[in-house]
Amino acid sequence: MRFKPVLHIIFTFLIAIGSFASKYDTDSLQQVLHLTDLPSEKVKILNLLAHTFSKDDPTKAKNFAKQAIFIAESINDEEGKAEAQYYIAQALIINRDNAGAFDLLSESLLIFETNKNEKWIAKVSLLLASEYKRRYEFEQALRLLYNALTLFKERENEIMLASTYTIIGGVYFDQGNTEKAFENYQNALSIFIKINNKKGASYTYNNIGEIYRLEGQSKDALLYYNKAIDYNEDPGRKEFLAVVYQNMGIVHLNQNKYDSAYYFLTLSENLSRQIDIPERNASINISLGKYHLKQGNLEKSLNYFLTGYETSLLYSNLLSIKDAALGLSDVFAQQKNFRKAYYYHNEYKVVSDSILKISNLGKIAQIEMKNLYDNEQKIREMERQKTSLKYVTLAICLSFVLILLILLYGRQRIKLKHSHIVAENMQLEHISLKDEIDFKNRELTTNVMYLVNKNELLNLITEKLQKSKSKFSPENRKKVESIILNLQQNLDKDIWKEFESRFREVHKDFYEKLVEKFPHLTEKDKKLCALIKLNLSTKEISTLSHLNINSVEVARTRLRKKLNISKTDIGLNKFLSGI
């Protein structure tokens with residue numbers, strides 16, 4: 001299971017490492033509040049109280065912030081109101097009213113941008129970006145995060161800079177771009193270690209461990225999870241420890257080390273029950289469902305998956321709904337309850353498609369930022385050329401210089417305009433091509449899996465009829481044999497040929513380039529490469545190739561050796577996508 005930290009963890013993290021380092025004396029602040037008659041001072045004090053209580057008592061923080069808004073609106077104090085909205089949004093996030101928090105943060109950011117208050121623009125952008133991330137609106141999240149990153153760099157605010165890198169890494173992680181996620185997590189980790197912030201370092205070690213887990217590097221994943229625990233100075237951080245223990249349990253489960261997996265998953269379950277956060281409970285229940293499914297305990301597995309599924313539905317956690325639905329489909333399939341298995345598998349597909357539609361999988365923000373950077377470099381180069389030409393031509397004639405500069409300026413403007421057009425066209429072509437390939441890949445995968453499932457169903461029905469035909473009368477037995485014959489005639493005999501033919505239409509030169517670079521690959525190796533390039537899961541590859549999951553894992557390991565990437569951090573899908 002791919003773990004995605006819930007927004008509550010991100011928020012707690014930001015509160016813990018926020019830019020306000022000092023602790024205010026709440027009693028003194030409340031005394032001053034009652035003594036002053038100035039509305040503007042009351043707004044400031046109320047916001048200070050809201051900030052001070054934001055971590056330990058969100059309800060009090062929200063009440064103080066509401067009072068601040070009431071007074072700020074009466075004196076047209078826009079920034080005082082915006083700051084109070086920020087603290088209310090923090091409290092709403094803890095209480096999981098994310099929609100209300102999103103609206104307040106959006107309005108707050110607009111006020112600070114209008115007043116060009118860069119300090120608060122950066123703070124609000126960070127929390128609002130986390131909300132966009134939760135809604136899978138990755139392009140908007142990255143836009144806010146990179147803007148906040150620039151502002152924190154200008155102010156040399158290392159603690160907030162590190163937290164920004166952490167959330168940027170989380171966005172790329174959710175997009176499946178583990179390379180960019182790893183880069184940003186490393187940037188965050190180096191800052192946390194430099195300033196001796198062990199809490200931030202412990203979060204980041206866990207995140208890097210998740211990347212290694214997804215890449216199949218179990219040893220490195222466990223190393224970083226243990227570092228996360230070692231750097232954790234506060235044993236009361238039960239939610240964080242529950243997350244790390246769950247991740248460790250998943251790694252051991254993937255290695256079929258069932259005793260170790262059960263030990264860590266049970267630790268996580270006990271901690272999750274103590275803190276009683278719905279998203280956390282849903283996540284650990286799904287992981288325990290997978291554990292019992294592997295162990296063959298179908299009833300226990302079913303109960304855990306159902307609990308995780310119902311909790312995820314209640315709080316609209318799409319990723320957890322998807323994982324739980326897939327688990328339920330597997331359990332019911334093993335129980336031969338194919339109607340329910342089909343129902344939950346269809347639910348899994350619907351949720352997966354929903355996530356795909358609202359996710360920014362094209363990495364649009366990266367392309368935009370690269371184009372922006374390239375254009376800025378061109379503009380700087382043009383300015384240097386202009387300056388150089390000016391000094392050279394001044395020695396000849398001032399009038400000639402002026403004419404030359406005018407001509408150059410006009411020419412450069414045309415070039416700049418042309419470069420913008422070319423960059424925009426390239427961007428549109430890139431997006432269109434990727435969308436077309438993604439659509440064809442999904443269509444190809446869906447078609448082949450449909451044929452496989454169809455054959456499996458027809459074979460199952462045929463087998464049951466064969467076993468039962470002796471029980472029919474001679475007259476009915478002939479009818480049954482006729483039905484069996486029709487079913488066998490409807491089997492798709494050449495699924496792989498169909499797949500390979502369609503695959504070559506989408507990826508025309510893939511096999512040729514693969515053989516050219518690695519001529520020693522077998523036909524089975526090339527087939528596995530094609531399936532991995534389509535980003536099929538191990539389970540899907542297992543179904544399509546008629547191998548068990550362990551055999552597919554072994555084949556993947558052998559393939560990494562043949563492709564000379566066994567001792568690198570490069571994932572197979574990433575490596576093959578470049579061919």
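A residue is buried when its relative accessible area is under 20%, exposed when it is over 50%, and partly exposed in between (1.4 Å probe, protein chains only). The model is predicted: local features need pLDDT of at least 70 and side-chain atom pairs count only at pLDDT 80 or more, while totals for chains, interfaces and linings use all residues. Residues are numbered from 1 along each chain as its sequence is written, and side-chain values use heavy atoms, with hydrogens and water left out.

**Exercise 1. Describe the chain as a whole: how many helices and strands does it have, and what percentage of its residues count as buried?**

Step 1. Helices (H or I, at least four residues) and strands (E, at least two) are DSSP runs, numbered from the N terminus. The chain has 27 helices and 0 strands.

Step 2. Of its 579 residues, 46% count as buried.

Step 3. Contact means heavy atoms within 4.5 Å. Of the contacts between residues at least 6 apart in sequence, 61% join residues at least 24 apart.

**Exercise 2. Determine how α14 and α15 are oriented to each other, and which residues meet.**

Step 1. Two packed helices are described by the angle between their axes and the distance between the axes. Axes are lines fitted to C-alpha atoms, for helices over the stretch in contact, and angles run from 0 to 180 degrees between N-to-C directions.

Step 2. The axes of α14 (residues 258-275) and α15 (residues 278-295) come within 10 Å and cross at roughly 155 degrees.

Step 3. Angles over 145 degrees count as roughly antiparallel; α14 and α15 are therefore roughly antiparallel to each other.

Step 4. In α14, the residues in contact include Y258, L265 and E269; in α15, they include R280, I284 and Y291. The residues of this contact divide into 8 nonpolar (Ala, Val, Leu, Ile, Met, Phe, Trp, Tyr, Cys and Pro), 4 charged (Asp, Glu, Lys and Arg) and 5 polar (the others, Gly among them).

**Exercise 3. Where are N256 and K336 placed, and is each buried, partly exposed or exposed?**

Step 1. N256 is in the loop between α13 (238-254) and α14. Although N256 is not a glycine, its phi is positive, about 60 degrees.

Step 2. With 30% relative accessibility, N256 counts as partly exposed.

Step 3. K336 is in the loop between α17 (318-334) and α18 (338-358). Its phi is also positive, near 65 degrees, in a residue other than glycine.

Step 4. K336 has a relative accessible area of 59% and is exposed.

Key: Angles under 35 degrees count as roughly parallel, over 145 as roughly antiparallel, 65 to 115 as roughly perpendicular and the rest as oblique.
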